[in-house]
Amino acid sequence: MPTFDCLLFDLDDTLYPVSSGLAAACKSNIHGYMAEKLGIENSRIPELSNLLYKNYGTSMAGLRAIGYDFDYDEYHRFVHGRLPYDNLKPDPILRTLLLSLPYRKLIFTNADKVHTAKVLNKLALEDCFEGIICFETLNPTKKRPILDEKQSSSTEIFDIIGHFSQTSPVMELPNTPIVCKPSKAAIEWALKIANIDPQRTLFFEDSVRNLQAGKRLGLQTVLVGTSQRSKGADYAVESIHNIKEAIPELCEVEMKSELNYSANNNVAVGVETSVTA
């Protein structure tokens, strides 16, 4: 039996390099949304955004946790709608690599489905994956709760900056209604809906904390973007293009697959099951 039967890939800064500039542009757009749509003072935004990302996985999840109410689709249109997608080019090397690997292959991202589709299209990888687990998969409620003016104006915003300025905070951080990596709930739900055995799955991520969360739930892990392994990473690759060199088990299974194919030309083709939201 092969060591792995499923490859689970993060999307942004994993399937393409951080040098593309999308991450920097996304961060700028998030700050713009916080200022323009939520009325947060510009001087507070960098520290606030950093605390939200650090404690909730995404700035969006953190904003909802501390009391801001907004439409999820509007947020995604603002943050992703003006990204420099043209910086992404078709990647025939990665495409050939992915198609050569005889495993289930899925995307697992915190991003929304529109952004995910755009990225895969720009990279020419849209038909390389069995399915996509994205924001809408984990958060099926498309719209925010509709609050009347009285309810909205009385909503109290939790001061997370003040919370962490205390030597010994007495209050617990509020929970977020958004499910996203690196939460245990997000990873467990992704494994369940895709029917994945974590012990036989390779999880590719550029985020160390997302990787460590997956490792705690039994996934085999690959840190992408550096050749230096961190805690929680079973493998590390400078680029997603180097996975065969870094993970010899992938090549061994590929060779076995080729031998089996040569021995029997009547290969059964399984029906792909999409888990796309």
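Which residue, with a positive phi, follows helix 10? In this predicted model, helix 10 is followed by Asn195, and the phi of Asn195 is positive, near 55°.

**View 1. The contact of helix 1 with helix 4.** Helix 1, which spans residues 22–36, packs with helix 4, residues 72–80, at an angle of about 130°, and the axes of the two helices are 8 Å apart. An angle of this value makes helix 1 and helix 4 oblique to each other, and their crossing is right-handed. On the side of helix 1, the residues that meet helix 4 are Cys26, Asn29, Ile30, Gly32, Tyr33 and Glu36, while helix 4 brings Glu74, Tyr75, Phe78, Val79 and His80 to the contact. By residue type, the contact of helix 1 with helix 4 comprises 6 nonpolar, 3 polar and 2 charged residues.

**View 2. The buried and exposed residues of helix 10.** Within helix 10, which runs over residues 184–193, the buried residues are Ala186, Ile187, Ala190 and Leu191. When helix 10 is seen down its axis, these buried residues fall within an arc of 130°, and therefore they line one face of the helix.

**View 3. The surroundings of the buried residues of helix 10.**

Definitions and conventions:
Residues numbered from 1 in each chain as written. Predicted model: local features only at pLDDT ≥ 70, side-chain atom pairs only at ≥ 80, totals over all residues. Heavy atoms only, no water. Axes fitted to C-alpha atoms, helices over the stretch in contact; angles between N-to-C directions. Helix = DSSP H or I, 4+ residues; strand = E, 2+ residues; numbered from the N terminus. Parallel < 35°, antiparallel > 145°, perpendicular 65-115°, else oblique. Left-handed = near helix turned anticlockwise from the far one by under 90°. Contact = heavy atoms within 4.5 Å. Nonpolar A, V, L, I, M, F, W, Y, C, P; charged D, E, K, R; others polar. Buried < 20%, exposed > 50% of the residue type's maximum accessible area, 1.4 Å probe, protein only. Arc of directions from axis to C-beta.
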